[in-house]
Amino acid sequence: MSGHRGRRRLIWQSTALVVLLASTWLIVEASLRDASTAIVSAGRTGFTVLGLLALTRWAPAGAAPATKATNDTRYRWWQVVLLALTGVTAYTVLSTVAISLAGPALPALALSLTPAVVLIAESVLLRTWPPPRTIAGTMIAVAGAALYTIPRLAGTLGDDVALGSLVALAAMFSMSFYGLYFSRTNRGYQGAMAPRILPIFAVGTIPLAAWAAADVAAGERVSWAALGMLVVLGIVIYVPAYLLQHRILLTGGPSYSALLGLAVPPLVGVSSALLQLAGAPTPMQIASMGLTLAGMALVIRSKLAQTKEGRPTRVTLSRPSDA
């Protein structure tokens, strides 16, 4: 029975994460109309930190106390810095610079390789060969994501495609490393997720805040409307998204978590078309969406089969709440 609940929980958590991440794209795009990239990047992360801090300090009275396993997995200072720099600061800055150099589509194409890179690295680190369905599903999903992006390349390339591509690959490897290292560092952790990721995002926000301060000193301003969107983005959307994302990193694994990101661009494209913010997807893009979903379905079935068979997972979070 517990296995059945675990499978259902993984499915709804995965679905909720994809929807939340897709909504961030739409709100970020809207907020960038009234604020610079640096201000939006620092603002959304800063309000996320405030939300995580509130959850950490005002946890429910009935929250379970820290266990020995929780106390034994405290971060060292350099681990916090490494996670903050790779998962928050470097990824944000590198992906932004890549878009400014090469346009938005090419970096998205590079980032679509993340699940394959993480799957290979995860297999090497664990010295295990993934199930055939996981390998096939990941390759199919990555191919679908690439095909979805290719039609967007025409007319969107920036002034320095070569350098932009290298920076985009650096952003992809930075986030891949973060997922793998967070999962490895938190092996055996059984406590709430908010206090676990709070120091990472707090430290990672410091360079972003300096970047935003430089923009403000240069004359950039943020409207009240953009500020309100950043509050909603950071506290209402990113806080639950990051809590789900990091829980899935531990329960589903880094490669599974990375795979879920492939469903975000198609969902954003469909949502933008329905909201009349962009044109309808092309037939090639519609076909690529089906390919991505088919590949993801294979991986999810493989993951659920492992859960049903009761194979041991690296980390099991015992608490039902992330607060």
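1. A word on terms: buried means under 20% relative accessible area, exposed over 50%, and partly exposed in between (1.4 Å probe, protein chains only). By that cut-off, threonine 185 is buried because its relative accessible area is 14%.

2. Please keep in mind that this is a predicted model, in which local features need pLDDT of at least 70, side-chain atom pairs count only at pLDDT 80 or more, and totals for chains, interfaces and linings use all residues. Residues are numbered from 1 along each chain as its sequence is written, and side-chain values use heavy atoms, with hydrogens and water left out.

3. The protein chain has 13 helices and 0 strands; both are DSSP runs numbered from the N terminus (helices H or I, at least four residues; strands E, at least two). Of its 323 residues, 45% count as buried.

4. Back to threonine 185, which sits in helix 8 (residues 161–185). Its side chain reaches the backbone oxygen of tyrosine 181 at 2.7 Å. Leaving aside residues up to four places away in sequence, threonine 185 touches Tyr75, Gln79 and Arg196 (contact means heavy atoms within 4.5 Å).

5. How do helix 4 and helix 8 pack? Helix 4 (residues 77–102) meets helix 8 at an angle of about 155 degrees, with the axes 8 Å apart. The two are therefore roughly antiparallel, a label for angles over 145 degrees; under 35 is roughly parallel, 65 to 115 roughly perpendicular and the rest oblique.

Technical notes
A polar contact is a pair of N or O atoms within 3.5 Å; within protein, one must be able to donate a hydrogen and the other to accept it, and residues adjacent in sequence count only if both atoms are side-chain atoms. Axes are lines fitted to C-alpha atoms, for helices over the stretch in contact, and angles run from 0 to 180 degrees between N-to-C directions.
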